[in-house]
Amino acid sequence: MPELPEVETVVRTLARRITGLRIVRVAHVRADMVEPADFDFAETVTGRVIDDVRRRAKRIVFTLDAGGRFFVHLGMTGQLTIEPADAPQKLHTHLILELSNRQQLRLVDPRRFGAIVWLGDLDHANVGPEPLQLQPARLGKLLHATKRAVKVALLDQTMIAGIGNIYADEALFAAKIHPTTPACALSVEQVRALNRAIKQVLRTAIGAGGSSIRDYVDAEGRRGSFQQRHQVYGREAERCVRCKRATIERIVLGGRSTHFCPLCQRHTHGIK
DNA sequence: AAGGGCACCTGCGAGC
DNA sequence: TGCTCGCAGGTGCCCT
């Protein structure tokens with residue numbers, strides 16, 4: 001579910017609503033969602049003030065007073081919401097932090113692909129650069145170092161952070177690049193177009209509060225609206241909104257559903 | 001040693 | 001109505 005725009009939307013609300021609050025009590029935590037496995041999360045965070053909430057990649061990073069950080073990853077179906085203390089507890093609630101203003105921060109995640117990770121003073125390992133701060137030259141360097149399909153490369157979080165299945169498809173469509181094109185075969189022009197497309201798609205999606213296909217809601221339970229503006233994702237067999245001639249195709253790449261317009265996104269045979 | 005494939009989970013909608 | 005199947009915004013690990 002949550003890619004960069006959804007995580008960013010959650011973080012913006014959290015930063016505004018819970019920064020400066022104290023974690024009074026860990027009312028509930030599912031131990032097997034916490035990393036490292038033997039870490040006593042409740043003991044460590046109880047009584048600490050949340051000094052800062054920010055996004056890095058698809059991670060929601062909490063910095064506590066007196067140092068120490070942890071992040072929450074939402075996986076596919078995670079929801080991190082601010083609730084009144086007396087709100088009914090939903091099925092698959094895995095974390096409840098009671099805050100000093102009597103509200104609670106709750107993590108609900110049916111599929112449990114998410115995680116609560118204690119970082120301490122460590123930095124984020126294995127996470128590539130933020131796409132919104134990426135220069136085309138840097139993107140080119142990264143993409144030209146791999147023979148994988150450009151779509152698969154975009155999903156590699158160690159290469160670029162935050163892009164997932166929806167926004168990879170949308171950015172490639174906007175840049176008119178076929179998703180199976182080997183990343184190393186992209187021309188300098190294509191890399192530049194892709195860099196622009198990634199930023200434009202992500203920024204617009206953030207402005208729309210992200211995409212809500214099924215589970216996603218922000219920290220106040222609101223759905224995003226960017227799903228209404230998807231050009232290819234989830235539009236298999238529909239007429240292409242750009243060329244209005246071809247129909248959107250769906251293939252599987254790297255085990256993921258991939259949507260594109262066969263006319264707008266043609267193979268370029270390595271023409272540079 | 002890069003990169004393909006699958007496993008990890010639960011829920012839901014489509015089709016029979 | 002009720003079953004089974006396929007599929008879902010992610011990622012980590014095993015294998016080649």
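In the predicted model, the domain assignment divides chain A into domain 1, spanning 4–120, and domain 2, spanning 131–260. The C-alpha centres of the two domains are separated by 28 Å. Their contact involves 19 residues from domain 1 and 22 residues from domain 2.

Between them, domain 1 and domain 2 bury about 1,600 Å², and 63% of this area falls on carbon and sulfur atoms. On the domain 1 side, L4, P5 and E6 account for 33% of the area buried against domain 2, more than any other three residues. Eight residue pairs, with both members at pLDDT 80 or more, are in polar contact between the domains. Two elements of domain 1, α1 (4–18) and β6 (79–84), each provide at least two residues of the side that touches domain 2. The most is given by α1, with 11 residues. By class, this side of domain 1 comprises seven nonpolar, five polar and seven charged residues.

Side chains of opposite charge can pair when their charged atoms come close. Two salt bridges are found across the interface of domain 1 and domain 2, and the whole structure contains 16. R16 is paired with E220 in a salt bridge whose closest N and O atoms are 3.9 Å apart. A further salt bridge joins R12 to E8, with a distance of 2.9 Å between the closest N and O atoms. Both R12 and E8 belong to helix α1, where they are four residues apart, about one turn of the helix.

DNA strand B is surrounded by L91, H92, P110, R111, R112, F113, T146, K147, R148 and R214. The residues of this surface divide into three nonpolar, two polar and five charged. Several side chains approach the phosphates through N or O atoms. For H92, a side-chain N or O atom is 2.7 Å from a phosphate oxygen of DNA strand B. For T146, the corresponding distance to a phosphate oxygen is 2.8 Å.

Two features of backbone geometry were noted. Most residues other than glycine have a negative phi, and most peptide bonds are trans. H92, which is among the residues surrounding DNA strand B, has a positive phi of about 65° although it is not a glycine. H92 is located in the loop between β6 and β7 (93–99). The peptide bond from E35 to P36 is cis, with omega near -5°. P36 is part of the loop between β2 and α2.

F39 is also placed in the loop between β2 (34–35) and α2 (41–45). Apart from neighbours within four places in sequence, the contacts of F39 are with V34, T44 and W118. F39 and H178 are 139 residues apart in sequence, and the C-alpha to C-alpha distance between F39 and H178 is 45 Å.

Methods:
Residues numbered from 1 in each chain as written. Chains lettered and ligands numbered in written order. Predicted model: local features only at pLDDT ≥ 70, side-chain atom pairs only at ≥ 80, totals over all residues. Heavy atoms only, no water. Near = heavy atom within 4 Å. Polar contact = N/O pair within 3.5 Å; in protein donor to acceptor, adjacent residues only side chain to side chain. Nonpolar A, V, L, I, M, F, W, Y, C, P; charged D, E, K, R; others polar. Domains from an automatic or database assignment. Contact = heavy atoms within 4.5 Å. Buried area = accessible area lost by both parts, 1.4 Å probe. Salt bridge = Lys/Arg side-chain N within 4 Å of Asp/Glu carboxyl O.
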